[in-house]
Amino acid sequence: MRYLSDEGLSKTEPAESGSFASPIPTQVVSNGEFTPSPQTEKQKKVEARIKQLADDLGKKHGMNRRQFLSSTAGMAAAFMAMNDVFGPIYSVARAEASSPGVADARASNLANQFIFDCQTHFVRDDYQQEMITGLAQFAKQHWNPGMEGEMNLDRFKFENYIKEIYVDSDTKVAILSGSPVDDDFNRFLTNDQIAAARESVNKSAESRRMLAHSIIQPKMDGWLDDVDYAIETLKPDSWKGYTIGDPLFQTMRQSQWRLDDEELLYPFYEKIAKAGINTICIHKGLMPVDYETSWPGLWEHATVSDVGKAAKDWPGLNFVIYHSALRPFLELPDASLQQFEESGRIDWVTDLAEIPKKFGVTNVYGELGSCFATTSVTHPRLAAAMLGILIKGLGIDKVLWGTDSVWYGSPQWQIEALRRLEMPEDMQKKNDFAPLGAADGPVKTAIFSSNAAILYDFDVNAVIGDISADQISAVKAEYLALNNGRSNLRYGYVHKA
């Protein structure tokens with residue numbers, strides 16, 4: 001971790017008082033790990049436009065600026081401002097912001113849309129590793145200013161997870177995941193706890209609301225015995241692995257592995273194929289700017305160089321690449337956008353998208369956790385480009401929705417961004433990308449739900465019926481009736497004006 005020096009602090013002021021509380025952040029806010037850059041000219045224009053719209057349109061709703069910006073109409077106005085500055089990326093009608101009830105009606109019409117989140121997290125009740133709060137802090141400052149309250153570990157535990165995922169968003173089904181560790185002190189959840197959470201949620205809801213991963217840790221003593229135990233007792237819906245080993249601490253450098261290691265991994269593939277639990281989800285990408293020097297001898301394991309051969313050798317298995325292997329993480333991806341504009345490529349998303357053609361396979365998927373969050377609000381053209389590359393290379397039936405929440409608070413803001421995002425016309429022509437279409441059209445429906453439903457054997461119509469009448473839906477209806485709106489505060493540091 002790199003925290004602000006005294007010199008760095010002298011150039012900043014608290015974000016609570018120094019930044020504008022808009023639905024979409026309008027300048028870089030630091031959690032203290034880096035010195036925030038000054039507000040760019042485009043960010044200043046977005047902020048000024050949001051303020052103007054709030055003052056002009058809030059009156060029509062009988063609201064002051066703060067109230068308006070906490071409403072669905074205020075969120076629509078923020079997307080209008082983004083379009084004014086970045087071009088027509090998001091689908092938003094002026095009436096949503098200007099006419100009372102229009103934005104609420106749109107939200108109500110989409111509330112029953114089937115959203116299947118393929119990557120969610122929470123931590124066990126006795127988890128004590130404070131470092132994880134940095135993920136939420138960064139998300140709050142850059143992508144999700146609606147996250148309220150202090151950043152503490154309670155935010156990442158079961159009770160808040162249920163509220164954020166199932167009550168504060170339109171998510172209907174979620175896969176609970178975890179992470180490998182070199183030190184059990186840092187473990188979010190054991191495989192037993194993940195399975196127990198699935199049973200608890202589904203039993204309480206009286207419907208199939210949660211699915212469960214089992215985490216694999218190749219190279220750890222007895223790991224295949226753990227796989228046998230999971231198959232026999234835990235019955236996971238799919239598997240989760242990290243070829244880089246422990247993703248947060250990297251205390252054991254020998255814990256990295258490759259998907260195409262025939263001696264180490266192929267016995268595992270044989271076991272899961274025989275058991276019929278044939279989907280394996282793999283963390284890839286999310287490397288810092290200085291990955292070659294800060295992760296020497298290790299960063300290669302975050303690339304997709306090992307995916308093609310494994311997928312070809314095991315056509316009966318599904319290889320789901322989490323984060324779609326997008327390389328940048330915890331940074332503003334200006335360089336990636338420039339790379340795409342100049343070459344049509346994005347590190348390492350394009351490498352993933354090229355695998356089906358290079359290896360002649362149809363069993364490789366791209367999942368959108370974190371990679372969509374980091375691009376959709378701050379760099380919407382990059383988000384569109386990433387989706388265009390994935391859809392064109394992997395196929396529209398091989399892109400899966402995921403948010404990596406509850407790390408980033410409620411995933412509703414991410415859901416809304418995908419619902420509104422459209423492929424820019426110049427990208428459609430230059431890069432031969434297809435339109436993304438309506439919020440509930442065939443492309444976004446495939447991404448939000450139908451692709452995962454096929455992968456995990458869901459009858460969507462039956463599930464929607466079960467969910468609409470379950471206990472979680474009843475709790476959500478009561479909660480929404482008492483809702484007082486969204487806070488747009490964020491915390492940390494901003495560059496002094």
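Is Glu 206 buried or exposed? At 61% relative accessibility, Glu 206 counts as exposed. These legends describe close-up views of a predicted model.

**View 1. Glu 206 sits in the loop between α10 and β4.** Helix α10 spans residues 191-205. Phi of Glu 206 is near 65 degrees. That is a positive value, and the residue is not a glycine. Glu 206 is exposed because its relative accessibility of 61% is over the cut-off of 50%.

**View 2. Eight strands build an open sheet with parallel pairing.** The strand order is β2-β3-β4-β5-β6-β7-β8-β9. At the edges lie β2 (115-120) and β9 (399-400). Each edge strand pairs on one side only. Strands of a sheet pair through backbone hydrogen bonds, either parallel or antiparallel.

**View 3. Strands β3 and β4 pair in the parallel sense.** Strand β3 covers residues 171-176, and strand β4 covers residues 210-215. Three bridges link the two strands. Leu 176 has its bridge partner, Ala 212, in β4.

**View 4. Helix α11 has a buried side and an exposed side.** Buried in this helix are Trp 223, Val 227, Ala 230, Ile 231 and Leu 234. What do the buried residues of α11 pack against? Their partners are α10, β4, β5 and α12 (266-275).

**View 5. Lys 235 follows α11.** The residue lies in the loop between α11 (223-234) and β5 (238-242). Lys 235 is not a glycine, yet its phi is positive, at about 50 degrees.

**View 6. Helix α7 buries one face.** The helix runs over residues 102-110. Ala 103, Arg 106 and Leu 110 are buried. Seen down the axis of α7, these residues fall within an arc of 60 degrees, and therefore line one face of the helix. Ser 108 and Asn 109 are exposed on the face turned away from the buried side.

**View 7. Gly 101 occupies the loop between α6 and α7.** Is this glycine fully described by its backbone position, or by its surroundings too? 

At 39% relative accessibility, Gly 101 counts as partly exposed. The C-alpha atoms of Gly 101 and Thr 72 are separated by 9.1 Å. Along the chain, these two residues are 29 residues apart.

**View 8. Helices α20 and α22 pack at an angle of about 155 degrees.** Helix α20 comprises residues 412-420, and helix α22 comprises residues 442-455. Their axes are 10 Å apart. The angle makes α20 roughly antiparallel to α22, because it is over 145 degrees. From α20, the contact uses Ile 415, Leu 418, Arg 419 and Arg 420. From α22, Lys 444, Ile 447 and Phe 448 meet them. By class, this contact has four nonpolar and three charged residues, with no polar ones.

**View 9. A cis peptide bond joins Asp 347 and Trp 348.** Omega of this bond is about -20 degrees. Trp 348 belongs to the loop between α15 (334-343) and α16 (349-353).

**View 10. Ser 405 and Val 406 are joined by a cis peptide bond.** Here omega is near 25 degrees. Val 406 lies in the loop between β9 and α20.

**View 11. Arg 381 is a buried residue of helix α19.** The helix spans residues 380-394. At 18% relative accessibility, Arg 381 falls under the 20% cut-off and so counts as buried. Which residues does Arg 381 contact, leaving aside its neighbours within four places in sequence? They are Ile 89, Leu 337, Glu 341, Pro 424, Asp 426 and Met 427.

Terms used. Residues are numbered from 1 along each chain as its sequence is written. This is a predicted model: local features need pLDDT of at least 70, side-chain atom pairs count only at pLDDT 80 or more; totals for chains, interfaces and linings use all residues. Side-chain values use heavy atoms; hydrogens and water are left out. Two strands pair if DSSP finds at least two bridges between them. Helices (H or I, at least four residues) and strands (E, at least two) are DSSP runs, numbered from the N terminus. Axes are lines fitted to C-alpha atoms, for helices over the stretch in contact, and angles run from 0 to 180 degrees between N-to-C directions. Angles under 35 degrees count as roughly parallel, over 145 as roughly antiparallel, 65 to 115 as roughly perpendicular and the rest as oblique. Contact means heavy atoms within 4.5 Å. Ala, Val, Leu, Ile, Met, Phe, Trp, Tyr, Cys and Pro count as nonpolar, Asp, Glu, Lys and Arg as charged, and the others, Gly among them, as polar. Buried means under 20% relative accessible area, exposed over 50%, partly exposed in between (1.4 Å probe, protein chains only). The arc is that of the directions from the helix axis to the C-beta atoms.
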